[in-house]
Amino acid sequence: MDRIGEVPDRYLSEEQRLMRETCRRYVDDVVRPFIAANREREWLFDPGGRLPAEILQEADRTGLRGLGVPDEYGGVGLDPATQAQTFSIIATEIARGDSGLADKLVQNWKISVLLRALAPRHLQDEWFPRYMADPQFLMAHCLTEPRGASDRWLPYNVPEANMDTRAVHEDGHWKINGRKQFISNGYDASLYVVYANTDRSVGMLAGTSSFLVPRDTPGLEVTRCNETVGGRYMNNGEIVFEDCAVPEDHLLAHGDALRKAGVYFRPGKIIQAAKNLGIGIAALDDTAAFVQERVQGGRILIKHQAVAVRVAAMATKLEAVSALLRHAALAVDDNHPDATRLCDMVKVFASQEILEVCQHAVELHGGYGAMLEVGVEKYFRDAAVYLHMDATVDVSNFKIAKSMFPSTAGAYAGPE
Ligand SMILES: Cc1cc2nc3c(=O)[nH]c(=O)nc-3n(C[C@H](O)[C@H](O)[C@H](O)COP(=O)(O)OP(=O)(O)OC[C@H]3O[C@@H](n4cnc5c(N)ncnc54)[C@H](O)[C@@H]3O)c2cc1C
C-alpha cells in the first residue's frame with residue numbers, strides 16, 4: 001500500500017522514484033535518529049552548534065544539495081517539465097525527518113533556481129562551484145523588513161508601499177542601506193539575494209531591484225539569530241546593511257526584480273506546502289503507532305471509535321493536501337495561467353490542514369503529546385511556523401481573491 005499523503009510510486013518517473021528512495025534512506029538513517037536523540041538539544045545549544053556538520057555533509061553525499069544547480073557545475077539538473085513536482089516529492093520526504101533541515105536545504109534550491117535564471121554567466125561561474133564545494137554553504141533571500149512583508153507579497157504597487165531598504169548607484173557600485181528580518185538561513189548564509197528599492201518615484205513592481213551580496217561584503221552585518229518556536233534547525237536571522245557597496249555586476253534584476261522573482265516564488269510555494277505535508281505524514285506515522293499500542297479502557301486506543309475517527313480525519317487531510325499539491329505542481333511545471341493562484345491555495349490549505357493534523361496528534365498522545373522527549377509537540381510547533389512563511393494565510397487568501405476579481409479586489413488600501 002502507498003504511504004498516506006505521499007504521491008504513489010506509479011505517478012513517479014524513474015528519476016523521481018530513485019531520488020525519493022535515496023532521500024528516504026537519508027531521512028530514516030541519518031535525520032530521524034539525530035532528531036530523536038536530541039529532542040532537548042534544539043533548545044539548549046547556541047545557533048552555531050545546533051546542527052552538526054555531518055548532517056549537511058551527508059545531504060551533500062546523497063546529492064540533495066545540488067538540486068536546482070545546472071549540470072555543468074555538478075548539480076542535479078532536474079527535468080524542467082517536472083521540476084516543481086520533483087522538488088515537492090523531495091521536500092516532503094526531508095521535512096518528514098525535520099522541517100528546519102528542509103528549510104535550510106530548500107532555500108539553497110530556490111536560490112539556485114533564481115541564479116540559474118537571472119545571474120550573469122560570470123556570477124554563476126564564481127558562485128555555483130563555491131556552493132557545490134562546501135556542504136555547509138547556505139544561501140538566503142532577503143525581502144522582509146521591520147515595516148512588514150505583506151505589502152511585498154500582495155504587492156501594493158504604489159510609491160508609499162516601497163521597501164525601506166534602498167540601493168543607490170555610485171562609482172561603479174550599488175550602495176545598499178537598510179535592514180532585513182525573519183530571513184531563513186539569514187544567520188549563517190554565505191551568500192544573500194537582497195531586494196532593495198532603486199526608484200522612490202514608482203511602485204515596487206517597477207522600483208525594486210535584486211542583488212547578489214556575499215556575506216563578507218563590508219557593510220553587511222548579521223545582527224541576530226531569531227529564536228523561533230518551530231523549524232529550529234534552520235537559523236532565521238536579521239541582517240543590517242550600512243553603506244554596503246556591491247559591485248555593479250552583482251545586480252540580478254533592475255527595477256522589475258519582484259516580477260522576475262516568480263521563477264522561484266512559484267516553485268517556492270509548492271515546496272512550502274510540500275514541507276508542511278512532510279510534517280503531517282510524520283505526525284500521522286507516530287500517532288498510528290501510538291494508538292495501536294497504548295491501552296485505555298481495556299483496549300488499544302484505535303479500538304475506541306472517537307480515536308479512530310480522528311485518525312481517519314488526519315489521513316484524509318493528508319491525502320487532500322497531497323492531491324492539491326500535485327495539481328498545483330503540475331500547473332507550475334506546465335506554466336499554466338492558474339499556477340500562481342493554485343500555489344497560493346495549496347500553501348494556505350496545507351498550513352491550516354497540517355496544523356490540525358498535528359493538533360490531533362498532540363491530543364491523541366494525551367500527556368505524552370506535551371513532552372519534549374516524545375517529539376509530537378515538535379510537529380505542532382514546526383507546523384505553526386508555516387502559517388507565516390512565504391506570506392500569511394490572510395494575505396495569501398487575499399491574493400487568491402484578487403486573482404479571481406482583479407479589478408475589484410485588488411485596490412490599494414492606502415496610507416494611514
Ligand atoms: C520562520 C520564518 C521564515 C521566514 N523566512 C523568510 C525569508 O527567508 N525571507 C524573507 O524575506 N522573509 C521571510 N519570512 C518573513 C515572512 O514572509 C513574513 O513574516 C510574512 O510574509 C508576514 O509578514 P510580516 O511578518 O511583516 O507581517 P505583516 O505583514 O505585518 O502582517 C501582520 C498581520 O497583518 C495581516 N495583514 C497584512 N496586510 C494585510 C492586508 N492588506 N489585508 C489584510 N490583512 C493584512 C497579515 O495577514 C498578518 O496577520 C519568514 C518568516 C518566518 C516566520
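**Overall build and the ligand shell**

Of the 416 residues in the protein chain, 47% come out as buried (20 or more other C-beta atoms within 10 Å of a residue's own, with C-beta atoms placed from the backbone). This is a predicted model, so local features need pLDDT of at least 70 and side-chain atom pairs count only at pLDDT 80 or more, while totals for chains, interfaces and linings use all residues. Residues are numbered from 1 along each chain as its sequence is written.

As for overall size, a compact globule with 416 residues would have a radius of gyration near 22 Å, and the 21 Å of the protein chain agrees with that (taken over C-alpha atoms; the globule rule is 2.2 Å times the number of residues to the power 0.38). The C-alpha trace spans about 80 × 50 × 40 Å along its principal axes.

The chain splits into domain 1 (9-133), domain 2 (139-256) and domain 3 (260-404), with bounds from an automatic or database domain assignment. Domain 2 and domain 3 have their C-alpha centres 30 Å apart. Their contact takes 9 residues from domain 2 and 10 residues from domain 3 (C-beta atoms, placed from the backbone, within 7 Å).

Now for the ligand. Both domain 2 and domain 3 put at least three residues each into the shell around the ligand. Of the 24 residues there, Leu143, Thr144, Ala149, Ser150 and Ser184 come nearest (a residue is near if its C-beta atom, placed from the backbone, lies within 6 Å). Helix H14 gives the most to this shell, with 3 residues (helices are DSSP runs of H or I, at least four residues, numbered from the N terminus).

Key:
Two residues are in contact if their C-beta atoms, placed from the backbone, lie within 7 Å. A residue is buried if 20 or more other C-beta atoms lie within 10 Å of its own, exposed if 12 or fewer, and partly exposed in between; C-beta atoms are placed from the backbone. Helices (H or I, at least four residues) and strands (E, at least two) are DSSP runs, numbered from the N terminus.
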